Amino acid sequence: MHEPVDFVGFFILGLVGGLGHCLGMCAPFVLYIGRRFAPHGSVGATQLKVQSAYHLGRIVTYAGLGLVAGSAGQLLDLAGDFAGVGPVAQAVAGLVLVLYALGALGGGVPAVARLGARLFGKLSQTLQRQAPRNAFLTGAFLGFLPCGLLYAALIAATAAGNGWRGGVGLILFGVGTAPALLGLSLADTLLVRGRRVLNTIGLVFVFALGCRYLWLAWVD
Amino acid sequence: MRKWQTALGMVVVALLVIGGFAVRLRTTSPTVRLDLSQHNGTLDLGNSRADLEITPRPPQPLQAFALRLRPASQVELRDLRVAFTMRMDMGPNNYTFEADTDGSYVARGIVLPKCGSGNLDWFGTLTGVADKLPVETRFALTLTKPAP
């Protein structure tokens, strides 16, 4: 029998997991959100607003999944459906990251990225039009990414055997994950985006992680 | 860029690195002698031994399985629980054992998350009290990737 996790436990799970898990897995999305939806040079309040909208979108999705998991009282059916959606979300997210990074790198490292940016420019523009138009919807979509820590929270919500407890638990879990990721976006704003070389390294990181997501979706 | 911005950014990075490092220390892979990935195994309970069985096999991510502990001799066991971890933090995957009618102890409905990176290597830490003595045993469990 799964040991019960109370509301504080869900929050702690997110808080600790944010540092030990989310910083590694979700960092490229935080960098992407900041660059795509908050213009360069925007003040901290704008960044915070955009990043908060992204996290709110994630949390809304988590709440829905927690509600379903808690109501179902059994993870197996839910996991089967969710696991089917996951690789698709992973592939789309990976593609968006790769194309966005290629497009952005085109201006920063001309010799290396000009050709790639040209080749992918049109495709990137098309995808950007198809991609969610604001940070909230992007977060809501990315909430469906297959994530081990999210699965753990959903398993705990399932053990709760109650829809609203599962939903509230997942909201607290999502809120708990936010500080580490907000810290990352703050560091990105203060240290990276104003410096061309570091910003380029950040975009290469986004590109590499996008490729990794595409690869994981392919092998899944 | 203002110096205070750089300083604040460095402080934030330092806090994130320290926090991440502290969490990683909690989930460092332990050294284990028992591997339940392919076969059931036998645990040392101090003055006694017990068989540890997994059903059904092979254990897969997001698929429920049971872990049964079958003592080889008459031994009083209580507060048995098992905690599963992997190198990356995967939250509290803790399960309690219940006494079964045949004298064994079973943790039912164990469901382990599917790692987004494709890692299938888990570690279980079984703790409890055997004849009033605390016991703690670790074992490895590599899940099997579901067929496409």
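Predicted model: local features only at pLDDT ≥ 70, side-chain atom pairs only at ≥ 80, totals over all residues.

Trainee: Now the largest nonpolar core. Which residues touch the most other members?
Mentor: They are Leu97(A), Ala101(A) and Ala153(A), in a core of 101 residues.

Trainee: And which helix of chain A gives the most to this core?
Mentor: That is helix α8 (residues 163–192) of chain A, which gives 13 residues.

Trainee: Why does this core lie between the two domains of chain B?
Mentor: Domain 1 (1–29) and domain 2 (31–142) of chain B both give residues to the core, so the core lies between them.

Trainee: Back to Ala153(A). What is it in contact with, leaving aside neighbours within four places in sequence?
Mentor: Ala153(A) is in contact with Phe10(A), Leu13(A), Leu170(A) and Phe173(A), and also with Gly91(B) of chain B.

Trainee: How many residues of each chain are in contact with the other chain?
Mentor: For chain A there are 34 residues, in contact with 36 residues of chain B.

Trainee: Which helix gives the most to the side of chain A that touches chain B?
Mentor: α1(A) gives the most, with eight residues. Helices that each supply at least two residues to that side include α4 (75–108) and α9 (196–219) of chain A.

Trainee: How do the residues of that side divide into nonpolar, polar and charged?
Mentor: On the side of chain A that touches chain B, 26 are nonpolar, seven are polar and one is charged.

Technical notes
Residues numbered from 1 in each chain as written. Chains lettered and ligands numbered in written order. Core = buried A, V, L, I, M, F, W, Y, C linked by C-beta atoms within 7 Å. Buried ≥ 20, exposed ≤ 12 C-beta atoms within 10 Å, placed from the backbone. Helix = DSSP H or I, 4+ residues; strand = E, 2+ residues; numbered from the N terminus. Domains from an automatic or database assignment. Contact = placed C-beta atoms within 7 Å. Nonpolar A, V, L, I, M, F, W, Y, C, P; charged D, E, K, R; others polar.
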